[in-house]
Amino acid sequence: MAEKKATKAAATKAAAPKKETAKKAAAPKKAAAKKVELVINAENVGFKAGDVYNALAAANKALTVAEIAKNAKISAEEAFLGIGWLLKEGKVKDDNNKIVLA
């Protein structure tokens with residue numbers, strides 16, 4: 001019986017350093033990128049249209065989609081939703097691949 005206990009103790013001691021070594025060798029985990037989910041409904045798109053309109057009114061000149069998104073602090077996809085809404089209503093028009101208030 002003493003031999004079995006000694007064998008188990010030796011196996012446990014031998015296994016413990018291997019686990020520690022594995023932990024040291026593991027690469028640090030990178031933070032997962034946040035994926036923003038875009039909710040498409042009339043209320044949300046209407047708010048994005050308001051953001052786009054306000055950004056264009058504040059700039060008082062034609063802006064690209066990227067500039068609109070940056071000024072309105074929204075994503076490019078949200079800017080496209082708002083621009084589409086405003087185009088349908090006739091509030092904005094395009095001017096040499098830029099958007100300007102109509």
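Is E78 buried or exposed? E78 is buried, with a relative accessible area of 15%. Buried means under 20% relative accessible area and exposed means over 50%, with partly exposed in between (1.4 Å probe, protein chains only). This is a predicted model: local features need pLDDT of at least 70, side-chain atom pairs count only at pLDDT 80 or more, and totals for chains, interfaces and linings use all residues. Residues are numbered from 1 along each chain as its sequence is written, and side-chain values use heavy atoms, leaving out hydrogens and water.

**Around E78**

- E78 sits in helix α4, residues 76–89. Helices (H or I, at least four residues) and strands (E, at least two) are DSSP runs, numbered from the N terminus.
- The E78 side chain reaches the backbone nitrogen of S75 at 3.0 Å.
- E78 also touches L38 and K48, leaving aside residues up to four places away in sequence. Contact means heavy atoms within 4.5 Å.

**The largest nonpolar core**

- This core has 14 residues, and V52, L56, I68 and I99 touch the most other members. A nonpolar core is a set of buried Ala, Val, Leu, Ile, Met, Phe, Trp, Tyr and Cys residues joined through side-chain atoms within 4.5 Å.
- Helices α2 (42–59), α3 (65–72) and α4 each supply at least two residues of the core. The largest share, 4 residues, comes from α2.
- V52 touches I68, I74, A79, G82, I83 and L86, not counting residues up to four places away in sequence.

- I68, A69 and A72 are the buried residues named in α3. Seen down the helix axis, the buried residues of α3 fall within an arc of 95°, so they line one face of the helix. The arc is that of the directions from the helix axis to the C-beta atoms.
- An α-helix has 3.6 residues a turn, so residues three or four places apart point the same way.
- On the other side of α3, A66 and K70 are exposed.
- The cover over the buried residues of α3 includes α2, α4 and β2 (99–101).
- K73 follows α3 and has a positive phi, near 60°.

**How α2 meets α3**

- Helices α2 and α3 pack at an angle of about 100°, with their axes 9 Å apart. That makes α2 roughly perpendicular to α3.
- D51, V52, A55 and L56 of α2 make the contact with I68, N71 and A72 of α3.
- Axes are lines fitted to C-alpha atoms, for helices over the stretch in contact, and angles run from 0 to 180 degrees between N-to-C directions. Angles under 35 degrees count as roughly parallel, over 145 as roughly antiparallel, 65 to 115 as roughly perpendicular and the rest as oblique.

Methods. Polar contact = N/O pair within 3.5 Å; in protein donor to acceptor, adjacent residues only side chain to side chain.
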